[in-house]
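This report describes a protein model for a reader who has the sequence and the coordinates at hand. Please consult both while reading.

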Amino acid sequence: VSRKVKTMQMFRQPVCTAIQGDRVGICVTQFDPKQLERGVVCAPESLCTLYAAIISVKKIPYYKGSVHTKAKFHITVGHETVMGRVTFFSPAFEDFDSEPVMDCFLFDREYLYQEEYLSQAKDVGVDKSQADGSKVPRQQWALLEFEKPVTCPKLCLVIGSKLDTDIHANTCRLAFHGVLLEGFEEKNYAEVSLPKLKVFKLKHKEGQVERVSKSDMLVNGHLLLMS
């Protein structure tokens, strides 16, 4: 629907122009206001409606709790706050010192799944003998899956909060913040878009040797190891 803007007012004063952040009243000709819900005014293609997003994430130091994968947070993005589930991941351990990329997300790389946001060396899902006691990645990411779609621009600020925390408690309710690098506009993003996100988990098994069979075979109750 295209309609002509007849006049504009800002705090009941007529104006001819408006810029980002201004609060204006608009008189539109031949338009029923009941057909318009509250929204935003923007240039064409500057906003997108997302069902999920990838952000570059940093934990807010004043938040005392851990920030776990699969936890739900109040996600503030654009002009909306919705509930969302978070999944954290980082570079592979050998790439922890890689230069951060803050304006895009690289799908051609492989990423390491994390049970929570990494803030201490004990959190790192690698052999501790490889760690230097304090090493954490220079950049971490999170996949946000929204309970309802949100409308926002790319590279906008994202804040994750626990707004259901007691407001009288002496604690910070803001858990993390970040920049939106990639958004998924498909309702079925899990089948269409997520397969190109390459996130892996580190796994290992432990066993006790019960006997040596021949010179190149170890046997225990569950594993058969050959050299």
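## Basis of the model

The model is predicted, with pLDDT of at least 70 required for local features and 80 or more for side-chain atom pairs, whereas totals for chains, interfaces and linings use all residues. Residues are numbered from 1 along each chain as its sequence is written, and side-chain values use heavy atoms, with hydrogens and water left out.

## The chain as a whole

Of its 227 residues, 31% are buried. Here, buried means under 20% relative accessible area, exposed means over 50%, and partly exposed lies in between, with a 1.4 Å probe and protein chains only.

A contact denotes heavy atoms within 4.5 Å. Among contacts between residues at least 6 apart in sequence, 66% join residues at least 24 apart.

Strands of a sheet pair through backbone hydrogen bonds, either parallel or antiparallel. In this model, three strands form an open sheet in the order E2-E1-E3, and their pairing is antiparallel. Strand E2 (13–15) and strand E3 (25–28) are the edge strands, each pairing on one side only. From one strand to the next, the twist averages 35°; axes are lines fitted to C-alpha atoms, for helices over the stretch in contact, and angles run from 0 to 180 degrees between N-to-C directions.

Three antiparallel bridges connect strand E1 (residues 5–10) with E2, where pairing requires that DSSP find at least two bridges between two strands. Gln 13 in E2 is the bridge partner of Met 10. Val 5 also belongs to strand E1 and is partly exposed, with a relative accessible area of 42%. Leaving aside neighbours within four places in sequence, Val 5 is in contact with Ile 26 and Cys 27.

## Residues with positive phi

Most residues other than glycine have a negative phi, and most peptide bonds are trans. Gln 30 is not a glycine, yet its phi is positive, at about 50°. This residue is found in the loop between E3 and strand E4 (48–59) and is exposed, with a relative accessible area of 75%.

Leu 155 also has a positive phi, near 65°. Leu 155 lies in the loop between E8 and strand E9 (157–161) and is partly exposed, at 44% relative accessibility.

## Two buried polar side chains

Gln 140 is found in strand E8 (residues 140–152) and is buried, with a relative accessible area of 3%. A polar atom of the Gln 140 side chain lies 2.9 Å from the backbone oxygen of Leu 118. Such a polar contact is a pair of N or O atoms within 3.5 Å; within protein, one must be able to donate a hydrogen and the other to accept it, and residues adjacent in sequence count only if both atoms are side-chain atoms. Beyond neighbours within four places in sequence, the contacts of Gln 140 include Ile 55, Val 57, Phe 89 and Tyr 117.

His 74 is located in strand E5 (residues 72–77) and is buried, with a relative accessible area of 17%. A polar atom of the His 74 side chain lies 3.2 Å from the backbone nitrogen of Leu 163. Beyond neighbours within four places in sequence, the residues in contact with His 74 include Thr 81, Met 83, Ile 159, Lys 162 and Leu 163.

## Aromatic rings and charges over them

A search of the whole structure finds 12 aromatic pairs. The rings of Phe 184 and Tyr 189 are stacked, because their centres are 6.3 Å apart and their planes are at 5°. Rings of Phe, Tyr and Trp (its six-membered ring) pair if their centres lie within 6.5 Å; planes under 30 degrees apart count as stacked, over 60 as edge-to-face and the rest as tilted. Phe 184 is buried at 2% relative accessibility, and Tyr 189 is buried at 12%. One aromatic cluster is formed by Phe 89, Phe 105, Phe 107, Tyr 111 and Trp 141.

Two lysines lie over ring faces: Lys 135 over Phe 93, at 5.2 Å from the ring centre, and Lys 162 over Phe 73, at 4.7 Å from the ring centre. A charge sits over a ring if NZ of Lys or CZ of Arg is within 6 Å of the ring centre and within 35 degrees of the ring normal.

Technical notes. Helices (H or I, at least four residues) and strands (E, at least two) are DSSP runs, numbered from the N terminus.
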